[in-house]
Amino acid sequence: LIRRNREKFGAWNLSVAEGSAPEVLETLPPPDAVFIGGTKGKLEEIVDCVLQKNPSARICVSAIAIETLGKAVAVLTARGFRTETVQISVSRSKKAGSLHLLTANNPVFLITGVPQ
């Protein structure tokens, strides 16, 4: 999917690193900023790996579960980050007779962490 989107949007400066975090992060250069989503319970290990490579890296975690939201804030705060949480709501249109209604999807939370 990433390769198809790279082609679709002409994002030729995007390289794909196949593998699972945190292991695949070991092979990559130190990041300036990292977007984390779908950690399968390895959020702490991933954040620690990022910070080992660059203690000044900015981190953004996406969360759809309240428990992940709480964990992300706790993990980043415990490592000295200043955090901010933004909730994003998305709706899709749905035809209802001659009208169109907006049906809400699940909200997404973005937790950003900036080193202090």
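**Notebook: a buried asparagine, a sheet and a pocket**

I began with asparagine 54, which is buried at a relative accessible area of 15%; buried means under 20%, exposed over 50% and partly exposed in between, with a 1.4 Å probe and protein chains only. The model is predicted, so I kept to its limits: local features need pLDDT of at least 70, side-chain atom pairs count only at pLDDT 80 or more, and totals for chains, interfaces and linings use all residues. Residues are numbered from 1 along each chain as its sequence is written, and side-chain values use heavy atoms, with hydrogens and water left out.

**Loop between α2 and β2**

I placed asparagine 54 in the loop between α2 and β2. Helices (H or I, at least four residues) and strands (E, at least two) are DSSP runs, numbered from the N terminus. Leaving aside residues up to four places away in sequence, asparagine 54 touches Pro30, Pro31 and Asp32, where contact means heavy atoms within 4.5 Å. I then looked up proline 55, which is in the loop between α2 and β2. Proline 55 is exposed, with a relative accessible area of 58%. Its C-alpha atom is separated by 9.6 Å from that of proline 31, 24 residues apart along the chain.

**Sheet**

I traced an open sheet of 4 strands in the order β1-β2-β6-β3, with mixed pairing; two strands pair if DSSP finds at least two bridges between them. β1 and β3 (81-88) stand at the edges with a single partner strand each, so one side of each is left without a neighbour in the sheet. From one strand to the next, the twist averages 15°. For such angles, axes are lines fitted to C-alpha atoms, for helices over the stretch in contact, and the values run from 0 to 180 degrees between N-to-C directions.

I checked the pairing of β1 with β2 (residues 58-63): it is parallel, over 4 bridges. Phenylalanine 35 stands opposite cysteine 60 in β2. The helix α2 packs on the sheet and touches β1, β2 and β3, its direction making about 170° with that of β1.

**Hairpin**

I found β4 (residues 91-96) paired with β5 in the antiparallel sense over 6 bridges. The two strands form a hairpin with 2 residues between them, and glycine 97 in the turn has a positive phi of about 70°. Serine 93 stands opposite leucine 102 in β5. β5 (residues 99-104) is hardly covered, as the count of buried residues among its 6 residues is 0.

**Largest pocket**

I read its volume as about 510 Å³. On a 1 Å grid over the protein atoms alone, a pocket is an open set of points with protein on both sides within 12 Å along at least five of seven lines, and lining residues have an atom within 4 Å of a point. The lining of the largest pocket has 21 residues, with Ala21, Leu25, Leu28, Val34 and Phe35 nearest its centre. By class I noted 12 nonpolar, 5 polar and 4 charged residues. β1 (33-36) and α2 (43-53) each supply at least two lining residues, and β1 gives the most, with 4.

**Helix α1**

I ended at isoleucine 2, in helix α1 (residues 2-9). Isoleucine 2 is exposed, with a relative accessible area of 53%. It touches Leu14 and Val16, not counting residues up to four places away in sequence. From isoleucine 2 to threonine 77 I read 31 Å, C-alpha to C-alpha, at 75 residues apart in sequence.

Key: On a 1 Å grid over the protein atoms alone, a cavity is a set of points where a 1.4 Å probe fits but cannot get out, and a pocket is an open set with protein on both sides within 12 Å along at least five of seven lines; lining residues have an atom within 4 Å of a point. Grid points are joined across faces, edges and corners, and a volume is the space filled by probe spheres set on the points. Ala, Val, Leu, Ile, Met, Phe, Trp, Tyr, Cys and Pro count as nonpolar, Asp, Glu, Lys and Arg as charged, and the others, Gly among them, as polar.
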